[in-house]
Amino acid sequence: MSNGALLHVVAPDLSPAIRAAAVLFVTVLTAIAAQVSIPLPFTPVPFTLQPMIVLLGGAALGSRLGLTSQALYLAAGIAGLPVFAASPVLPQGLLRLVGPTGGYLMSYPFAAFLAGYLAERGFDRRYLTSVVAMAAGLAVVFACGVAWMAWGTPSVGLNASLHAGFYPFVPADIVKVLLAATVLPFAWKIVR
């Protein structure tokens, strides 16, 4: 089989309408994953399933369509649709992007792009390389999220950002990456 993201290889002649539907599907899945949200008392960052969907969606759709799905997700949130994780302290809409979790949200298009880029080069075909692709995308999410909390608005500093937005999430996100990395190699086995 040739290189490319799963969607491109399985159905290379998809119409623009089908590609748009696939992008919209991943956008909706991202919004649904945001609703599976567990607020933590010591941080404004909730525990959600979003990163797993962002990375899987990017890898399955490919770099450009993966990025597009997450840009559409952010546009829906900016427009005021209730797609962001429920929060008693963080507003919906554009203000969510300038709040303490904005860096995580704004990283999603880039994380999806990277996971898709690596998938287009075959990283999603085997479990270990799929773990690498998912971990690379997750690193983008954490880097942007922690940096935004540390130096964005309001700035809380690097140490506080690591304690509020990185350390508590690493164990669960490692499990999410290990689980997400099983999906696409399994899908490729079915397709072959």
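These entries go through a helix crossing, then a pocket, then the cavities.

Before anything else, I noted that this is a predicted model.

Helix pair. I looked up helix H3 (residues 50–61) and helix H4 (residues 63–78), and their axes come within 6 Å, crossing at roughly 140°. The crossing is right-handed. On the H3 side I found Gln 50, Val 54, Gly 58 and Leu 61 in the contact, and on the H4 side Ser 63, Leu 65, Gly 66, Ser 69, Gln 70 and Tyr 73. I sorted those contact residues into four nonpolar, six polar and no charged.

I got about 230 Å³ for the largest pocket. Twelve residues line this pocket, and Phe 25, Val 26, Leu 29, Gly 57 and Ala 60 are the closest to its centre. Which helix gives the most to the lining? I found that H3 does, with five residues. The lining is eleven nonpolar, one polar and no charged residues.

Cavities. How many cavities of 30 Å³ or more does the structure hold? I counted two. The largest cavity has about 220 Å³ of space, and of its 19 lining residues Val 45, Pro 46, Thr 48, Tyr 104 and Tyr 108 are the closest to the centre.

H9 gives the most here, with four residues. By class I have seven nonpolar, no polar and two charged.

Methods: Residues are numbered from 1 along each chain as its sequence is written. This is a predicted model: local features need pLDDT of at least 70, side-chain atom pairs count only at pLDDT 80 or more; totals for chains, interfaces and linings use all residues. Side-chain values use heavy atoms; hydrogens and water are left out. Axes are lines fitted to C-alpha atoms, for helices over the stretch in contact, and angles run from 0 to 180 degrees between N-to-C directions. Helices (H or I, at least four residues) and strands (E, at least two) are DSSP runs, numbered from the N terminus. A crossing is left-handed if the near helix is turned anticlockwise from the far one by less than a right angle, and right-handed if clockwise. Contact means heavy atoms within 4.5 Å. Ala, Val, Leu, Ile, Met, Phe, Trp, Tyr, Cys and Pro count as nonpolar, Asp, Glu, Lys and Arg as charged, and the others, Gly among them, as polar. On a 1 Å grid over the protein atoms alone, a cavity is a set of points where a 1.4 Å probe fits but cannot get out, and a pocket is an open set with protein on both sides within 12 Å along at least five of seven lines; lining residues have an atom within 4 Å of a point. Grid points are joined across faces, edges and corners, and a volume is the space filled by probe spheres set on the points.
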